[in-house]
Amino acid sequence: MVTRRWLPALLLCGIALPAWAQDRSITLASTTSTEQSGLFGHVLPIFARDTGITVRVVALGTGQALDVGRRGDADALLVHDQAAEERFVAEGHGGPRRQVMYNDFVLVGPGTDPAHIAETHDVAAALLRIAAARAPFISRGDRSGTHAAELRLWQQAGADPVTGRGQWYREVGQGMGPALNTAAAQNAYALTDRGTWLAFRNRQDLRILVAGDTRLLNQYGVLAVSPQRHPHVKAAEAQAFIGWITGPAGQAAIAGYRIHGEQLFFPNAGSPG
Amino acid sequence: MDVQDLGSAFVAAMALVRHGDPDMLAILGLSLRVSLAALGIAALVGLPLGALLAVARFPGRRAVVVALNALMGLPPVVAGLMIYLLLSRSGPLGAWGLLFTPQAMVIAQAVLITPILAALSRQVLEALWEEYAETLRSFGAGPWRAVPTLLWDGRFALLTVLLAGFGRASAEVGAVILVGGNIEGATRTMTTAIALETSKGDLPLALALGLVLMVIVLGVNALAQLLRDAALRRAG
């Protein structure tokens with residue numbers, strides 16, 4: 001019987017899955033921007049070489065990454081939504097929060113720039129022009145750090161994009177890459193972190209139109225998940241990672257990551273949060 | 001995606017295969033291991049269940065059949081979410097520590113394809129049972145005794161059922177990305193890698209990975225067909 005003869009072989013395949021209670025590894029819930037920009041591919045092998053600890057990255061939006069931490073499904077978090085991170089610490093899920101690095105958000109849009117935002121360097125003015133022109137704008141809509149930053153910028157500009165929901169203001173509820181794919185296909189504006197933008201390949205007519213406003217700062221923080229609340233977490237290894245990434249070796253590794261000669265992330269663990 | 005992209009996807013696919021890209025081979029190997037393990041588990045549960053439903057008559061049987069048929073359409077992301085909540089450290093099976101491991105992906109795929117194997121094998125074997133029922137009964141074989149005989153006699157038709165299950169398992173992305181986490185070097189499969197490359201806007205590479213996956217699935221199906229033909233010839 002074909003199936004009977006094959007079943008043991010099939011089951012063996014199951015058992016032969018990588019035995020991967022490797023000696024030392026941690027699960028890091030982090031953001032799509034850090035993973036998809038290639039930063040982790042550059043930095044984590046250096047950490048593994050220095051310490052013998054493997055970091056397994058689950059890349060999610062910041063909101064979802066914090067949820068994974070709350071459930072105890074990760075040992076440490078590296079995310080970019082300071083307000084949400086401080087709530088996480090205040091609720092006793094982990095911490096303390098340490099800042100790691102920053103880069104910036106940029107407003108991208110089609111070369112034709114129907115809302116004429118390239119003329120301004122003021123992000124609030126640019127958003128108001130997009131809203132006034134009812135030009136298509138792609139929002140992440142996924143509780144990610146970039147989504148939180150976008151909502152904060154609209155609020156600072158004194159505009160409520162939700163009135164244009166389903167028309168010019170389109171929430172895709174997906175990661176940065178899919179949101180950029182959508183913006184490229186619809187010739188729409190979008191807010192993106194610079195790291196994902198630099199690594200993104202399907203730009204079509206999209207280009208950076210507004211950058212450099214101080215309100216576009218994108219700060220990343222790192223936190224350990226509370227071992228009091230979740231006794232199974234690998235607290236020592238998580239602390240080793242946090243110590244390393246905020247220390248001289250980790251900070252130098254971050255500064256050393258470049259795409260086409262351009263530095264993507266700027267270490268700032270030393271400066272006050 | 002224009003013609004040029006398709007062309008560069010083919011070129012990229014050829015390059016991936018020709019250089020035997022080690023990362024891709026590891027991802028491909030994991031995909032096959034996970035899907036075959038899920039198929040093995042689903043076959044152990046699904047095929048006997050299908051055979052039993054084909055021969056046994058009991059109250060509520062029709063309801064079970066309808067439920068199985070409906071479960072064939074279980075949305076992968078729903079299955080994934082349920083398994084995520086079960087395996088999460090805060091969930092009932094959290095102590096097993098299986099979330100974000102290949103084992104979690106095996107469970108998710110097995111849950112998705114067990115109803116497919118059970119429902120399809122029930123249908124295949126029911127037709128066979130109608131032919132055989134008289135003969136088997138005349139030997140005094142009750143439904144329970146008939147199950148192994150039916151599974152054996154229906155083995156060639158059941159191969160197609162297994163391939164349908166394997167196809168669904170290896171093509172699936174919604175559930176495995178949730179419970180596996182798409183961790184590089186640990187739980188990245190072909191389908192989650194395709195999703196990731198699409199996110200990065202590298203559409204040619206995503207499509208190239210898709211082409212490789214399709215060729216592999218085609219190869220598995222061809223191999224199964226060859227085995228079946230060889231076995232048929234031997235059986236005369």
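**Note on a two-chain predicted model**

1. Of the 236 residues of chain B, 45% count as buried, a residue being buried if 20 or more other C-beta atoms, placed from the backbone, lie within 10 Å of its own, exposed if 12 or fewer do, and partly exposed in between. In chain A, buried residues make up 48% of the 273 residues.

2. This is a predicted model, in which local features need pLDDT of at least 70 and side-chain atom pairs count only at pLDDT 80 or more, while totals for chains, interfaces and linings use all residues. Residues are numbered from 1 along each chain as its sequence is written, and chains are lettered from A, and ligands numbered from 1, in the order in which they are written.

3. The mean pLDDT of chain A, where pLDDT is the predictor's confidence in each residue from 0 to 100, is 90, and 91% of its residues reach 70 or more. Confidence in chain A is lowest in helix H1 (residues 2-15), with a mean of 47, and highest in strand S3 (residues 76-79), at 98. The pLDDT is below 50 over residues 6-22 of chain A, a stretch that has 23 contacts in the model beyond near neighbours in sequence; two residues are in contact if their C-beta atoms, placed from the backbone, lie within 7 Å.

4. Chain B has 10 helices and 0 strands, whereas chain A has 11 helices and 12 strands; helices (H or I, at least four residues) and strands (E, at least two) are DSSP runs, numbered from the N terminus. Along the principal axes, the C-alpha atoms of chain B fill a box of roughly 65 × 50 × 30 Å, and the C-alpha trace of chain A spans about 65 × 60 × 40 Å.

5. For chain B, an unreviewed UniProt entry lists residues 36-56, 63-87, 93-120, 156-183 and 203-224 under "transmembrane region"; positions are given in the numbering used here, feature names are shortened, and annotations may be inferred rather than shown by experiment. In the model, residues 36-56 of chain B are 95% helix and 0% strand, with end C-alpha atoms 29 Å apart, while residues 156-183 of chain B are 82% helix and 0% strand, with end C-alpha atoms 38 Å apart.

6. Chain A is divided into domain 1 (24-102 + 219-267) and domain 2 (104-216), with bounds that come from an automatic or database domain assignment. The C-alpha centres of these two domains of chain A lie 26 Å apart, and 18 residues of domain 1 are in contact with 14 residues of domain 2. On the domain 1 side, helix H2 (32-36) and helix H4 (62-70) of chain A are the elements that give two or more residues, and H2(A) gives the most, with 3 residues.

7. Between the chains, 34 residues of chain B are in contact with 32 residues of chain A. On the chain B side, the elements that give two or more residues are helices H2 (22-55), H5 (102-138), H7 (155-171) and H10 (203-235) of chain B, and H2(B) gives the most, with 9 residues.
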